[in-house]
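User: I'm new to reading protein models and would like to know where the labels come from. Could you go through this one with me?

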Amino acid sequence: MYLFNKITVNPQLPKRIEKLSTISNNLWWSWNTEFLKLFKMIDIDLWENIGKNPVKFLKMVPQEKLEEYSKNPEFLKEYDKNVSNFESYMNSKSTVFSKKFPENKGDLIAYFSAEYGLDEIMQIYSGGLGILSGDHLKAASDLGIPLVRNRFII
């Protein structure tokens, strides 16, 4: 039998909690464990079974769970707190880079590494140099340096 193509059906995030996808696809979550608690609240068994990967989780969680938690007051309180923290971090105007180089705000600096030690769920490192490159990404982010890394598939 010839397989022509695969179709992947992803759950649709309800509008009220759509930032789960944005934040999951940003490395910010790898140093903000409070955000990861949201996934445990939705479905702790799935969270553990898929290796605590937020991107994978959002592809596999049942639509009904997403709908349910988009109306759960306790969940929404934690969600709103995390979204606010994320947006404050991402939109900070008082970073070292923005203060010292205001004319370069549209620049991007590419950072290439064979491995990145970001989080235990993304096993794309084998040792010290991977951990160092992960630390560089975190430090650059905190300083507001417009650093982009080479992409990889989770």
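**Burial, rings and helices**

Analyst: Let's start with two residues: F39 and F57 are both buried. "Buried" means under 20% relative accessible area, exposed is over 50%, and partly exposed is in between (1.4 Å probe, protein chains only). Before we go on, this is a predicted model, so local features need pLDDT of at least 70 and side-chain atom pairs count only at pLDDT 80 or more, while totals for chains, interfaces and linings use all residues. Residues are numbered from 1 along each chain as its sequence is written, and side-chain values use heavy atoms, with hydrogens and water left out.

User: Why is the pair F39 and F57 called edge-to-face?

Analyst: Rings of Phe, Tyr and Trp (its six-membered ring) pair if their centres lie within 6.5 Å; planes under 30 degrees apart count as stacked, over 60 as edge-to-face, and the rest as tilted. The centres of the F39 and F57 rings are 5.1 Å apart and their planes sit at 75°, so edge-to-face it is. This pair links distant parts of the chain, 18 residues apart: F39 belongs to helix α2 (residues 33-49) and F57 to helix α3 (residues 54-60). As for the word "helix", helices (H or I, at least four residues) and strands (E, at least two) are DSSP runs, numbered from the N terminus.

User: How many aromatic pairs does a search of the whole structure find?

Analyst: Ten aromatic pairs turn up. One of them is W28 with F35, edge-to-face at 6.1 Å centre to centre and 65° between the planes. Ring pairs also link W28, F35, F39, W47, F57 and F86 into a cluster.

User: What makes W28 count as buried?

Analyst: Its relative accessibility is 3%, so W28 passes the cut-off. F35 counts as buried too, because its value is 1%.

User: How do you know that α7 has the span it should?

Analyst: The expected span is 1.5 Å times one less than the number of residues. Helix α7 (residues 128-143) has 16 residues and should therefore span 22 Å; its end C-alpha atoms are 22 Å apart, which agrees. In α7, the buried residues are G130, S133, G134, L137 and A140. They cover an arc of only 125° around the axis, so they lie on the same side of α7; that arc is taken from the directions from the helix axis to the C-beta atoms.

User: What does α2 span between its end C-alpha atoms?

Analyst: Only 18 Å, whereas a straight helix of 17 residues would span 24 Å. There is also a kink of about 120° in α2, centred on D43; the bend at a residue is the angle between axes fitted to the seven residues ending there and the seven starting there. Just after α2, G51 has a positive phi of about 80°.

User: Is N53 buried or exposed?

Analyst: Buried, because its relative accessible area is 8%. N53 sits in the loop between α2 and α3. A polar atom of its side chain lies 3.1 Å from the backbone nitrogen of K56.

User: And why is S30 called buried?

Analyst: S30 has 13% relative accessibility, so it counts as buried. Its place is in the loop between α1 and α2, and its side chain reaches the backbone oxygen of L27 at 2.7 Å.

Definitions and conventions:
A polar contact is a pair of N or O atoms within 3.5 Å; within protein, one must be able to donate a hydrogen and the other to accept it, and residues adjacent in sequence count only if both atoms are side-chain atoms.
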